[in-house]
Amino acid sequence: MDERKVLRALRRGSEEALGQIMDHYAPYVYTIVSNFLSPAMSQADIEEVMADTFFALWNGAEKVRPGKLKSYLGAVARNQARQKLRSRGQELTLEEDVLTLPDPSPEEQLAEREQEELVRRAVLNMGEPDREIFLRHYYYGQPVAEIARVMAMNPATVKTRLHRGRVRLHKQWTEGD
């Protein structure tokens with residue numbers, strides 16, 4: 001699939017282009033949505049969120065840059081799934097939103113929990129607005145432009161704060177602070 005051509009056709013309103021994208025990315029979107037919603041919601045709910053994801057693509061095709069379609073669909077799918085959970089009065093906590101590998105050894109489990117706790121504490125110890133920016137971008141998957149709009153900031157400022165936050169986290173991680 002030539003992403004550039006398909007996106008151009010989608011922007012012109014081609015239902016065939018949307019069908020090609022759906023055929024190509026439906027398994028990817030399904031995996032993301034079902035990881036968020038299973039077992040809390042039914043198969044019909046999962047399919048509804050998938051449809052909402054592709055509908056959002058249809059309505060927002062002009063926002064998608066070539067080469068970024070997969071990441072755009074992933075972010076939209078995560079956000080749609082979270083909205084579905086919230087609409088039912090359910091929400092994932094920061095700790096529950098982590099994909100874990102099956103059957104890790106007890107040592108691996110302990111090391112994983114320690115790392116998660118270190119990262120969680122480091123993020124929560126960030127000052128505002130850095131903490132909110134970091135959570136919005138890395139936890140909620142919001143793009144920089146959306147964060148900038150919601151927080152009334154310049155996108156370059158958001159990018160700079162994300163970069164500085166990553167540098168601080170890396171420094172804390174490597175120095176063991």
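## Overall organisation

Of the contacts in the protein between residues at least 6 apart in sequence, 62% join residues at least 24 apart, a contact being heavy atoms within 4.5 Å. This is a predicted model, in which local features need pLDDT of at least 70, side-chain atom pairs count only at pLDDT 80 or more, and totals for chains, interfaces and linings use all residues. Residues are numbered from 1 along each chain as its sequence is written, and side-chain values use heavy atoms, with hydrogens and water left out.

The protein contains 8 helices and 0 strands, so that its elements read α-α-α-α-α-α-α-α from the N terminus; helices (H or I, at least four residues) and strands (E, at least two) are DSSP runs, numbered from the N terminus. Of the 177 residues, 32% are buried. Here buried means under 20% relative accessible area, exposed over 50%, and partly exposed in between (1.4 Å probe, protein chains only). Carbon and sulfur atoms account for 51% of an accessible surface of about 11,300 Å², computed by the Shrake-Rupley method with a 1.4 Å probe.

## Confidence

The average pLDDT (the predictor's confidence in each residue, from 0 to 100) is 83, and 90% of the residues score at least 70. Residues 91–101 stay under 50, and the model has 16 contacts beyond four places in sequence for them. Where pLDDT is low, the predicted coordinates should not be read in detail.

## Helix 1 against helix 2

Helix 1 (residues 3–11) packs on helix 2 (residues 15–37) at an angle of about 135°, their axes lying 8 Å apart. Axes are lines fitted to C-alpha atoms, for helices over the stretch in contact, and angles run from 0 to 180 degrees between N-to-C directions. Helix 1 is therefore oblique to helix 2; angles under 35 degrees count as roughly parallel, over 145 as roughly antiparallel, 65 to 115 as roughly perpendicular and the rest as oblique.

Glu 3, Val 6, Ala 9 and Leu 10 of helix 1 meet Ala 17, Leu 18, Gln 20, Ile 21 and Tyr 25 of helix 2. These residues comprise 7 nonpolar, 1 polar and 1 charged (Ala, Val, Leu, Ile, Met, Phe, Trp, Tyr, Cys and Pro count as nonpolar, Asp, Glu, Lys and Arg as charged, and the others, Gly among them, as polar).

## Helix 6 against helix 8

The axes of helix 6 (residues 130–139) and helix 8 (residues 155–175) come within 10 Å and cross at roughly 95°, which means that helix 6 is roughly perpendicular to helix 8. Helix 6 contributes Asp 130, Ile 133, Phe 134, His 137 and Tyr 138 to the contact, and helix 8 contributes Val 158, Arg 161, Leu 162, Gly 165, Arg 166, Arg 168 and Leu 169. The contact residues divide into 6 nonpolar, 2 polar and 4 charged.

## Loops and backbone features

Most residues other than glycine have a negative phi, and most peptide bonds are trans. A cis peptide bond, with omega about 5°, joins Glu 128 and Pro 129; Pro 129 lies in the loop between helix 5 (106–124) and helix 6. Ala 152, in the loop between helix 7 and helix 8, has a positive phi near 55° and is exposed at 72% relative accessibility.

Gln 142, in the loop between helix 6 and helix 7 (144–150), is buried, with a relative accessible area of 12%. Beyond its neighbours within four places in sequence, Gln 142 contacts Arg 136, His 137 and Ile 147. Pro 155 belongs to helix 8 and is partly exposed at 38% relative accessibility. Not counting residues up to four places away in sequence, Pro 155 touches Val 144 and Ala 148.
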